[in-house]
Amino acid sequence: MSKNRTRTISCQRCGKSFDVLIWDSLNADTDPEQREEIKKGTFNRYKCPDCGFTMILQYSCLYTDMSHAKQVFVIPTDFDKRLEEANRYFDLLEKKELQTVADIADNCSFRAVHDFSELREKVNMWDNGFDDAAMELYKAMTRAWLETREDGGKPVSKAFFSSENGKDEIEILFEDGSAGAVDFVPDLYRDITAKYGDDLNSALKSRCFSVVDFDFAVNFMGGAVTENNTESEIVEGTFT
Ligand SMILES: [Zn+2]
């Protein structure tokens, strides 16, 4: 069940106070409108009623989507400490003290993310039929390709799966501040799932909130991710 409350915040531009709705937990099945807002990136944006300035709030939220067997804990502050606390919950499951949740937990994916943009990315991945762990490998390989290409490779600070307007692509932010997007290559993704899918599944089998991100991909690959880990080639993207 979803749980929300009203909080008063102050506009960062004009200082005027106004009320916003904060979701401590969000059930995607009972609140599909909020789920859509997460997918669009508007869920945690708040517009000042006085001056129109838009602010982005990050706060803790437990996102549950039982139809898709996913639960994601959004932890913007004290990440490591709060993740550890949350994972003690699974020790209770192991002891069968929470039998009904334990029954659900067996086939559910549990993830921990730092903010709502990471939650947004995951929900979009899952909705488009992708596995988030395989997609992190895909993104890591895309980064490696961009950083080492002969015609001007440069360091990448972030890669982000996007499916705006029905087109799958990897949005890229470079360390020099420039940005762009690389077309998604289904063949490369298929290669990755065929080659690493089983190992990824067993790496994530334990019942706890797992962090599946770039570091996860690098650790999984043993430290070295290159664009040559599979047969398929990444095609040219558009960069600005
Ligand atoms: Zn304002």
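## Briefing on a predicted protein model

A69 sits in the loop between β5 and β6. The model discussed here is predicted. The protein has seven helices and 11 strands, and 25% of its 240 residues count as buried. Among contacts between residues at least 6 apart in sequence, 62% join residues at least 24 apart. The points below cover an open sheet, its hairpins, a helix lying across it, a pair of packed helices and some single residues.

**The open sheet**

- Strands of a sheet pair through backbone hydrogen bonds, and the pairing is either parallel or antiparallel.
- Five strands make up an open sheet in this protein, and their order is β1-β2-β5-β6-β7. The pairing in this sheet is mixed.
- The edges are held by β1 and β7 (109-113), each of which has a single partner strand, so one side of each is left without a neighbour in the sheet.
- On average, and with direction ignored, neighbouring strands of this sheet are turned by 25 degrees against each other.

**β1 and β2**

- Strand β1 (residues 3-10) and strand β2 (residues 17-27) pair in the antiparallel sense, and eight bridges join them.
- Within this part of the sheet, R7 stands opposite V20 in β2.
- The hairpin of β1 and β2 has six residues between the strands. In this hairpin, G15 takes a positive phi near 85 degrees.
- Strand β1 is hardly covered, for the count of buried residues among its eight residues is zero.

**β5, β6 and β7**

- β5 and β6 pair in the antiparallel sense, over five bridges. The bridge partner of Y63 in β6 is V72.
- Strand β6 (residues 70-74) and β7 run parallel and are joined by five bridges. V72 stands opposite R111 in β7, and Q71 stands opposite F110 in β7.
- β6 is mostly covered, with four of its five residues buried.
- Helix α4 (residues 116-127) lies across β5 (61-65), β6 and β7. The helix runs at about 165 degrees to β6.

**Two packed helices**

- Two packed helices are described by the angle between their axes and the distance between the axes.
- Helix α5 (residues 132-148) packs with helix α6 (residues 186-203) at an angle of about 125 degrees, and their axes are 9 Å apart.
- α5 and α6 are therefore oblique to each other.
- The crossing in which α5 passes α6 is right-handed.
- On the α5 side the contact is made by A133, A134, L137 and Y138. On the α6 side it is made by L188, Y189, I192, T193, Y196, G197 and L200.
- The residues of this contact divide into nine nonpolar, two polar and no charged.

**Residues with a positive phi**

- Most residues other than glycine have a negative phi.
- A69 is not a glycine, yet its phi is positive, at about 55 degrees. The hairpin of β5 and β6, to which this residue belongs, has four residues between the strands.
- D78 is another residue other than glycine with a positive phi, near 50 degrees. D78 lies in the loop between β6 and α2.
- D78 is exposed, because 11 other C-beta atoms lie within 10 Å.

- R88 lies in helix α2 (residues 79-94).
- Is R88 buried or exposed? R88 counts as exposed, because it has 9 C-beta neighbours inside 10 Å.
- R88 and C208 are 120 residues apart along the chain, and their C-alpha atoms are separated by 8.5 Å.

Definitions and conventions:
Residues are numbered from 1 along each chain as its sequence is written. This is a predicted model: local features need pLDDT of at least 70, side-chain atom pairs count only at pLDDT 80 or more; totals for chains, interfaces and linings use all residues. Axes are lines fitted to C-alpha atoms, for helices over the stretch in contact, and angles run from 0 to 180 degrees between N-to-C directions. Helices (H or I, at least four residues) and strands (E, at least two) are DSSP runs, numbered from the N terminus. Angles under 35 degrees count as roughly parallel, over 145 as roughly antiparallel, 65 to 115 as roughly perpendicular and the rest as oblique. A crossing is left-handed if the near helix is turned anticlockwise from the far one by less than a right angle, and right-handed if clockwise. Two residues are in contact if their C-beta atoms, placed from the backbone, lie within 7 Å. Ala, Val, Leu, Ile, Met, Phe, Trp, Tyr, Cys and Pro count as nonpolar, Asp, Glu, Lys and Arg as charged, and the others, Gly among them, as polar. A residue is buried if 20 or more other C-beta atoms lie within 10 Å of its own, exposed if 12 or fewer, and partly exposed in between; C-beta atoms are placed from the backbone. Two strands pair if DSSP finds at least two bridges between them.
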